[in-house]
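Let's take a friendly walk through this fold together. Have the sequence and the model open side by side.

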Amino acid sequence: MIRFALITPFLLAACAMAPGSGGERPAPVYEGVETSLLEGNLVQFHVSMRGPRTVGDLDTYAECAAAQYALIRGYGFARHVRTTMKQAGGSRTADAVYLISPSLPRGLRTIDAEVVVADCAANGIPTV
């Protein structure tokens, strides 16, 4: 039993690697963003992607879209309101809502749009 427990992590790691890939997963495919102005400065973003490395990748994609949208509208900040995620076939989708603002809004999940857009560009994540 102990030998099996010690070997299992190594076997799982080997199975996760595609032959000839050097253990790297393929890059995620960003399938697009749809935006909808809800009310006032509330904006809804539907983002879709294939092959995210983590659930956080989908959140980051939505955040990048929200940051770029805020800049396009002449605002410098956004605050995350909510996100729901689902998987359909090979695609993962998120429905995220952000409040865009000219000044730093109150709340825990605020973003500086210029900083986030620059970070997204540096990491190859598309924006709106």
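The report below goes from the sheet to the core, then to the aromatic and charged pairs.

## About the model

This is a predicted model, in which local features need pLDDT of at least 70 and side-chain atom pairs count only at pLDDT 80 or more, while totals for chains, interfaces and linings use all residues. Residues are numbered from 1 along each chain as its sequence is written, and side-chain values use heavy atoms, with hydrogens and water left out.

Helices (H or I, at least four residues) and strands (E, at least two) are DSSP runs, numbered from the N terminus.

## The sheet

Two strands pair if DSSP finds at least two bridges between them.

Strand E3 (residues 77-88) runs antiparallel to E4, and eleven bridges join the two. Thr-84 stands opposite Asp-95 in E4. The hairpin of E3 and E4 has two residues between the strands, and Gly-89 takes a positive phi near 65° there. E3 is also joined to strand E5 (residues 110-112), again antiparallel, by three bridges. Here Phe-77 stands opposite Asp-112, and Ala-78 has Ile-111 as its bridge partner.

## The nonpolar core

Which residues touch the most other members of the largest nonpolar core? They are Phe-45, Val-47, Ala-67, Tyr-98, Ile-100 and Ile-111, in a core of 24 residues. A nonpolar core is a set of buried Ala, Val, Leu, Ile, Met, Phe, Trp, Tyr and Cys residues joined through side-chain atoms within 4.5 Å. Buried means under 20% relative accessible area, exposed means over 50%, and partly exposed lies in between (1.4 Å probe, protein chains only).

Strand E2 (42-50), helix H2 (55-72), strand E4 (91-101) and helix H3 (113-122) are the elements that give two or more residues to this core. H2 gives the most, with nine residues. Take Ala-67: leaving aside its neighbours within four places in sequence, Ala-67 is in contact (heavy atoms within 4.5 Å) with Ile-111, Ala-113, Val-116 and Val-117.

## Aromatic pairs

Rings of Phe, Tyr and Trp (its six-membered ring) pair if their centres lie within 6.5 Å; planes under 30 degrees apart count as stacked, over 60 as edge-to-face and the rest as tilted. By this rule, there are three aromatic pairs. In one of them, the ring centres of Tyr-30 and Tyr-61 are 4.7 Å apart with planes at 65°, so the pair is edge-to-face. Tyr-30 lies in strand E1 (residues 29-39) and Tyr-61 in helix H2, so the pair ties together parts that are 31 residues apart in sequence. Tyr-30 is partly exposed, with a relative accessible area of 25%, whereas Tyr-61 is buried, at 3%.

Phe-45 and Tyr-69 also form an edge-to-face pair, with 5.7 Å centre to centre and 80° between the planes. This pair links distant parts of the chain, with Phe-45 in strand E2 and Tyr-69 in helix H2, 24 residues apart. Both Phe-45 and Tyr-69 are buried. Together with Tyr-98, they form one aromatic cluster.

## Salt bridges

A salt bridge is a side-chain nitrogen of Lys or Arg within 4 Å of a carboxyl oxygen of Asp or Glu. By this rule, the count comes to two. The side chains of Arg-50 and Glu-31 meet in a salt bridge at 2.7 Å, N to O. Arg-50 lies in strand E2 and Glu-31 in strand E1, so the pair ties together parts that are 19 residues apart in sequence. Arg-50 is partly exposed, with a relative accessible area of 40%, and Glu-31 is partly exposed too, with 35%.

Asp-95 and Arg-82 meet through their side chains in a salt bridge at 3.4 Å, N to O. Asp-95 lies in strand E4 and Arg-82 in strand E3, so this pair ties together parts that are 13 residues apart in sequence. Asp-95 counts as buried at 15% relative accessibility, whereas Arg-82 counts as partly exposed at 32%.
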